[in-house]
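Trainee: I would like to learn how to read a fold from its model. Where do we start?

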Amino acid sequence: MASVVHVAVGVVCRDDGKILIARRPDHLHMGGRWEFPGGKVESGESVQQALSRELLEEVAIEATDLKPLVEIRHEYPEKTVLLDTWQVTAFSGEAEGREGQETAWVAVDELDHYQFPDANQAIIEAIKAAEFSD
Ligand SMILES: Nc1nc2c([nH]c(=O)n2[C@@H]2O[C@H](COP(=O)(O)OP(=O)(O)OP(=O)(O)O)[C@@H](O)[C@H]2O)c(=O)[nH]1
Ligand SMILES: [Mg+2]
């Protein structure tokens, strides 16, 4: 059985309710599509540590408060991912694509206008559901 890639994913939420998305570089898996920033959990790291590291490396955001949102397991033809997704409710720093990626702050009801990897539909639904329970 192929192994599952454990990925820490951050839904960074600004005070005005907008969410940070970034465009995946063309040469990567799901290149050209928009994503929530994050990356693979490395051995010896907790998922929170991985997420904090990835947010700083990719979009210059220092997360100061994380809460679990949803875990999505998705099978792509080439690999299976576990998207361990957290809401970043407090952070410091100005978001910028440190790896040259385009970034955008998007209202929840505009997320549907962007093309994400297939696994992300379930994350977007969880974001919409969380909005009403806050
Ligand atoms: N970061 C992130 N990855 C996602 C999302 N949705 C999704 O299917 N993935 C998949 O999760 C996998 C791992 O994410 P990644 O490429 O960001 O990993 P990483 O930052 O550690 O990259 P690296 O391996 O180049 O160092 C990729 O196959 C990617 O396509 C998402 O919203 N955010
Ligand atoms: Mg990444």
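Mentor: We will go from the overall layout to one helix, the core and a hairpin. Keep in mind that this is a predicted model.

Trainee: Which helices and strands does the chain have, and in what pattern?

Mentor: Count the elements, then read their order. The chain holds two helices and seven strands. Along the sequence they run β-β-β-β-α-β-β-β-α. The radius of gyration is 14 Å, close to the 14 Å that the globule rule gives for 134 residues, so the chain is as compact as a globular protein of that length. The C-alpha trace spans about 45 × 30 × 30 Å along its principal axes.

Trainee: What share of the residues is buried?

Mentor: Of the 134 residues, 31% count as buried. Look at the contacts too. Among those between residues at least 6 apart in sequence, 67% join residues at least 24 apart.

Trainee: How do I read helix α1?

Trainee: Which residues of α1 are buried?

Mentor: First the general idea. An α-helix has 3.6 residues a turn, so residues three or four places apart point the same way. Now the case here. The buried residues of α1 are Val 47, Ala 50, Leu 51, Ser 52, Glu 54, Leu 55, Glu 58 and Val 59.

Trainee: What covers the buried residues of α1?

Mentor: Strands are part of the cover: β1 (4-12), β2 (19-23), β4 (38-40), β5 (62-75), β6 (80-92) and β7 (103-106) are included.

Trainee: And the core?

Mentor: In soluble globular proteins, nonpolar side chains tend to be buried together. In this chain the largest nonpolar core has 31 residues. Ala 8, Val 11, Val 12, Leu 51, Ile 61, Ala 63 and Val 88 touch the most other members. The elements giving two or more residues to this core are β1, β2, α1, β5, β6 and α2 (120-133).

Trainee: Which residues is Ile 61 in contact with?

Mentor: Set aside its neighbours within four places in sequence. Ile 61 is then in contact with Val 12, Leu 55, Leu 56, Phe 91, Gly 93 and Ala 95.

Trainee: In which sense do β5 and β6 pair, parallel or antiparallel?

Mentor: Antiparallel, over twelve bridges. A hairpin of four residues joins β5 to β6. Glu 75 stands opposite Thr 80 in β6.

Methods
Residues numbered from 1 in each chain as written. Chains lettered and ligands numbered in written order. Predicted model: local features only at pLDDT ≥ 70, side-chain atom pairs only at ≥ 80, totals over all residues. Rg over C-alpha atoms; globule rule 2.2 N^0.38 Å. Buried ≥ 20, exposed ≤ 12 C-beta atoms within 10 Å, placed from the backbone. Contact = placed C-beta atoms within 7 Å. Core = buried A, V, L, I, M, F, W, Y, C linked by C-beta atoms within 7 Å. Pairing = 2+ DSSP bridges.
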